Amino acid sequence: MIHSSPDDTNGSVVNIPIASSEEFYDPTTLTQSALFHPDHLEDRQQQQEQLRQAAFLDAFYNTVLHYLHETLDHIVLVLLAYSVLCIILYKLLFHRLGPGYRRWLVRKSHLPPCTRALLVTAHPDDEVMFFGPTILELRRRQCRVFVLCLSEGNHDRKGPIRRQELWDACESLGVRPEDITLVNATHLQDDPTLEWKTVTIANQLLRQVESLDVELLVTFDKEGVSGHPNHCAIYYATASLCLSGMIPSNCKVLTLETVNLCRKYLSIFDLPVTLLLSTNWVVLSWRARRAVQNAMRLHNSQMVWFRKLYIVFSRYMVINSLREINKSDVEFEILDT
């Protein structure tokens, strides 16, 4: 914009340029002023807070990742050391040392001495699936083993087939055919939904114990290993005989211990825990384990995929841990139940 002024020495009009308001615009000054606006300050503080939180989370994540790697390394080392211990311990059980050294180390079996034993099961295949190591150890000791199976396993309408499979499997483990008793009663059918009466089972047990004059009775514990109601019913019938004092004084009662799912499928890697926690046990050699597996395969009608996996991984194919029960133990367990 041009402004005229008469103050010239020659008296002429002098044009003096004067800047307009637009020409005074300074963007730098405006930007700096905007930065100090309250809204912009708040946004800037929020951004800084978010950056601090992100840095904290990143540091926390890196720390956790570091310790997790260290923990996993330690877990792997512990599992490796435990596996080596199990293998060495298993080898020592069957290594040929002098009798004194073997007693000093550990025994591969610890069962009460007996010459006649009765095994009570609920279905054909129980005798091998759960009690195979016990049967083989008793037979190795020249103990005569009697098997009482309380049903013919007719749940899938395969009763006659399973009956023959029972005889074949028992014979492969060294049990005489005449020492096998199979009960086929309408009130003791293979059915998890059917309640087996304690009195009925107890009468069957007592009849066998007295007629066979056995010194050892072996059966399930109160959990039944697999939790099958028919298995559990046998324990409660046995417990009732113990409570009433009807089991002969010269007859010991052993129940097969139920273990948790993890231990159940550890095979020989459950060995240290078994030796530490159990009072009676049987550990088979690898060759004897194959004999139990082959006997189980004779129950061909039961060879579905998960039982094939069971044969490979289950501890009950190679290890049995048993607990002796008496009247006081049974009273405590029943009260606890």
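## Local features of the predicted model

Ser-211 counts as exposed because its relative accessibility is 53%, where exposed means over 50%, buried under 20% and partly exposed in between (1.4 Å probe, protein chains only). The structure is a predicted model, in which local features need pLDDT of at least 70 and side-chain atom pairs count only at pLDDT 80 or more, while totals for chains, interfaces and linings use all residues. Residues are numbered from 1 along each chain as its sequence is written, and side-chain values use heavy atoms, with hydrogens and water left out.

Ser-211 belongs to helix α7 (residues 198-212); helices are DSSP runs (H or I, at least four residues) and strands likewise (E, at least two), numbered from the N terminus.

| Backbone oxygen | Distance to a polar atom of the Ser-211 side chain |
|---|---|
| Arg-207 | 2.8 Å |
| Gln-208 | 3.3 Å |

In helix α12 (residues 286-297), the buried residues are Ala-288, Arg-289, Val-292, Gln-293, Ala-295 and Met-296. They lie on the same side of α12 because they cover an arc of only 160° around the axis, taken from the directions from the helix axis to the C-beta atoms. These buried residues pack against α4 (126-129), α5 (132-140), α6 (159-172) and α13 (305-313), with contact meaning heavy atoms within 4.5 Å.

The residues lining the largest cavity include Phe-131, Thr-134 and Val-218. A cavity is a set of points on a 1 Å grid over the protein atoms alone where a 1.4 Å probe fits but cannot get out, and lining residues have an atom within 4 Å of a point.

How values were computed: A polar contact is a pair of N or O atoms within 3.5 Å; within protein, one must be able to donate a hydrogen and the other to accept it, and residues adjacent in sequence count only if both atoms are side-chain atoms. On a 1 Å grid over the protein atoms alone, a cavity is a set of points where a 1.4 Å probe fits but cannot get out, and a pocket is an open set with protein on both sides within 12 Å along at least five of seven lines; lining residues have an atom within 4 Å of a point.
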